[in-house]
2 protein chains.
Amino acid sequence: MARRGSYAKGVAKREEILTTALDVIARNGYRRTSVRELADAVGLSQAGLLHYFSSKEELFQEILRKRDEVDTETFDIHTGRPIEAFFQVIRHNSEVPGLVQLYAQLSTAAGDADHPAHAFFVERYVQFRTLFVGMLRDEQAAGRLDPDLDIDRIGNLFLAAADGLQTQWMLDPSIDMAEHVAYLWHLITRKG
Amino acid sequence: MARRGSYAKGVAKREEILTTALDVIARNGYRRTSVRELADAVGLSQAGLLHYFSSKEELFQEILRKRDEVDTETFDIHTGRPIEAFFQVIRHNSEVPGLVQLYAQLSTAAGDADHPAHAFFVERYVQFRTLFVGMLRDEQAAGRLDPDLDIDRIGNLFLAAADGLQTQWMLDPSIDMAEHVAYLWHLITRKG
DNA sequence: TGGCAAAACCATACATCGCTCGGTTTTCAA
DNA sequence: TTGAAAACCGAGCGATGTATGGTTTTGCCA
């Protein structure tokens, strides 16, 4: 499933690389993690590792893609109430600082239009915006949310708050990300 | 003023490095800017440049520190109404994408406690939080803001929104950062 | 079941990076 | 005028990401 024509061994190895890389980054931090180190951790040479991912940045992108897939399943994004899943994901994030570092670094680096992961993040934000705005629309339709609210802007503000709070949390772990986002939700839903 | 014991020439050169580096980064983007390139741009060798800044990361940190100083003066942060200055800074940011890239990258990299710029950003956030919360307290005292609001949390949410919107704006420049932050302000001040 | 194309994987090498070291030249106060 | 410190450089080191040209392993199908 990794690529067309992959052997069973290759598919398993690719998966092993992703999960192992996640561990190494979580333990060593994003800055101090090199391709050689990741290759060693899965018993491959650097060239052997780069057979599966054409560059370091693509490897990191795929790690984050897999994270999204796992989170989507684990926290029941599409079936439950998305706002609840959103809070759960944020709470969970404070237990995987390495991933937060990786995400923050790669998503900002991808701001450059030439960055290999640029398209990935552009699409990611589109998807999350759509998901969030759809949820807000449902809340409005159910009468639980002021119909005068600009749900497009609010959707962007929620994503921005989640990202920005990660930066603050990395600098000062005493900041409770989920609590802050919950307060933003309170600000929006108050005065029914 | 740059360091104790600097000669006049050195002080001027240090200043030239900062302003030139700013231009180069704005033009080439943060990723593609190396120390060698910056050294060339000011007519120095790399070793010559690193006489003024002990590392690349310290140079970038000093660029951002200078940016803060210039913005503080230009937009009248301490004398005018801080919220207005805040909007102006954000509007101005969309005209200096290179700086936004640099800030986003360095501030997230500094999340690692071992990063050379870690202390700088920790302190920076403390300062901005203090400034912002003070402003919110004044608004409450003047009766222009609901006294029940948690101004500490709101302060953090504003900083987070400003940061997170930069990420979104880099990925999609059609996003109006200032407009979104203004809408957040509207959400907080509505229903006086 | 044996052959063979493609996948899996490696050793080596290369360009570039940030940075250090040991020096020379320039500045400027005493 | 002098000399100590600042300003600056050439050369090179170790580490990084990645390209190249190969060998070994896998598994489909004839």
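Modeller: Copies here are superposed by least squares on the C-alpha atoms of residues with pLDDT of at least 70 in both. This is a predicted model, in which local features need pLDDT of at least 70 and side-chain atom pairs count only at pLDDT 80 or more, while totals for chains, interfaces and linings use all residues. Residues are numbered from 1 along each chain as its sequence is written, and chains are lettered from A and ligands numbered from 1 in the order in which they are written.

Biologist: What makes chain B and chain A related as by a two-fold rotation axis?

Modeller: Chain B is laid on chain A by a turn of 180 degrees and a shift of 0.0 Å along the axis, with an RMSD of 0.1 Å. The two copies are therefore related as by a two-fold rotation axis. The same surface serves both, since 100% of the contact residues of chain B recur in chain A.

Biologist: How many residues of chain B are in contact with chain A?

Modeller: Contact requires C-beta atoms, placed from the backbone, within 7 Å. On that basis 37 residues of chain B are in contact with 38 residues of chain A. H8(B) gives the most to that side of chain B, with 14 residues. Helices are DSSP runs (H or I, at least four residues), numbered from the N terminus.

Biologist: Why is H8(A) called roughly perpendicular to H8(B)?

Modeller: Axes are lines fitted to C-alpha atoms, for helices over the stretch in contact, and angles run from 0 to 180 degrees between N-to-C directions. Angles under 35 degrees count as roughly parallel, over 145 as roughly antiparallel, 65 to 115 as roughly perpendicular and the rest as oblique. The axes of H8(A) and H8(B) come within 6 Å and cross at roughly 105 degrees, so H8(A) is roughly perpendicular to H8(B). Residues of this contact include Leu157(A), Ala161(A), Leu157(B) and Ala161(B).

Biologist: Why is H4(B) called oblique to H6(B)?

Modeller: Their axes come within 11 Å and cross at roughly 120 degrees. H4(B) is therefore oblique to H6(B). Phe60(B) and Leu64(B) are among the contact residues of H4(B), and Leu102(B) and Tyr103(B) are among those of H6(B).

Biologist: Which residues come nearest to DNA strand D?

Modeller: A residue is near a strand if its C-beta atom, placed from the backbone, lies within 6 Å of it. Of the 22 residues around DNA strand D, Ser55(A), Gly5(B), Gly10(B), Ala47(B) and Gly48(B) come nearest. H1(B) gives the most to this surface, with three residues.

Notes:
Helix = DSSP H or I, 4+ residues; strand = E, 2+ residues; numbered from the N terminus. Contact = placed C-beta atoms within 7 Å.
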